[in-house]
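Here's a quick briefing to read alongside the model. Take a look at the chain first, then we'll go through it topic by topic.

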Amino acid sequence: MSTFELKTHQIGRIYSQPHFFILNKGQNSGKPLINPCPNCFVVTVPTEEEKNTLYHLSMMLQIGGFYAYHLKGSVIPFISVNDCRNTLKDGYNSMLIEFEELQKHINIVSAISKKEAELQKVISKMADLKVSYIQNLFSKKQNRATKGNKNQINLLA
């Protein structure tokens, strides 16, 4: 059984144990984070292995919409610390029976996330290439138009 502690993060606080953060406000509530932000919880655990397991489990719960069920608030949705803790605990306990199976699922989701990040980089590069191509195209046309105007001005003079 994982022994984790989940509480509200205080800005500027330093944690000595292995830890990660969970976003608690907005539509991405439940998203695990490496670095803190003003609206997050901190999860502290005794070992680095448990940190990685809970981090990826939290990611799977967030992607699966299990945190979204507990969102409250009409303008800026948020999840309470107890709802977040219980969701993470229930997710972990449901997968604890087959710990090797959980690790297998975490590895698969991690591989998918890594591939997704690679593809996002490719998409970003393609968008940059498209912008550069279009800018280059129009700058050539503007240069030709400018040269043509200069020739017309010289002919009139």
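The accessible surface of the protein chain comes to about 10,900 Å², and carbon and sulfur atoms account for 58% of that. Keep in mind that this is a predicted model. Buried residues make up 29% of the 157 residues in the chain.

**Layout and overall shape**
- You'll find four strands and three helices here, and along the sequence they run β-β-β-β-α-α-α.
- The radius of gyration is 25 Å, well over the 15 Å that the globule rule gives for 157 residues, so the chain is more spread out than a compact globule.
- Along its principal axes, the C-alpha trace spans about 90 × 35 × 30 Å.
- Of the contacts between residues at least 6 apart in sequence, 64% join residues at least 24 apart.

- In soluble globular proteins, nonpolar side chains tend to be buried together.
- The largest nonpolar core has 20 residues, and Leu6, Ile22, Val43, Leu54, Leu57 and Leu88 have the most contacts inside it.
- Two or more residues of this core come from each of β2 (19–23), β4 (40–44), α1 (48–63), α2 (81–96) and α3 (99–156), with α1 giving the most at six.
- Leaving aside residues up to four places away in sequence, Leu88 touches Phe4, Leu6, Ile22, Val43, Leu54, Leu57, Ser58, Leu61 and Tyr67.
- There's also a second, separate core of six residues, including Tyr15, Leu23, Leu33 and Val42.

**Charge**
- The chain carries 19 positive and 12 negative side chains, and the centres of the two sets sit 20 Å apart.

Note on methods: Residues numbered from 1 in each chain as written. Predicted model: local features only at pLDDT ≥ 70, side-chain atom pairs only at ≥ 80, totals over all residues. Heavy atoms only, no water. Rg over C-alpha atoms; globule rule 2.2 N^0.38 Å. Buried < 20%, exposed > 50% of the residue type's maximum accessible area, 1.4 Å probe, protein only. Contact = heavy atoms within 4.5 Å. Areas by Shrake-Rupley, 256 points an atom, 1.4 Å probe, with all protein chains shown as cover. Lys, Arg positive; Asp, Glu negative; His and termini not counted. Charge placed at Lys NZ, Arg CZ, Asp CG, Glu CD. Core = buried A, V, L, I, M, F, W, Y, C linked by side-chain atoms within 4.5 Å.
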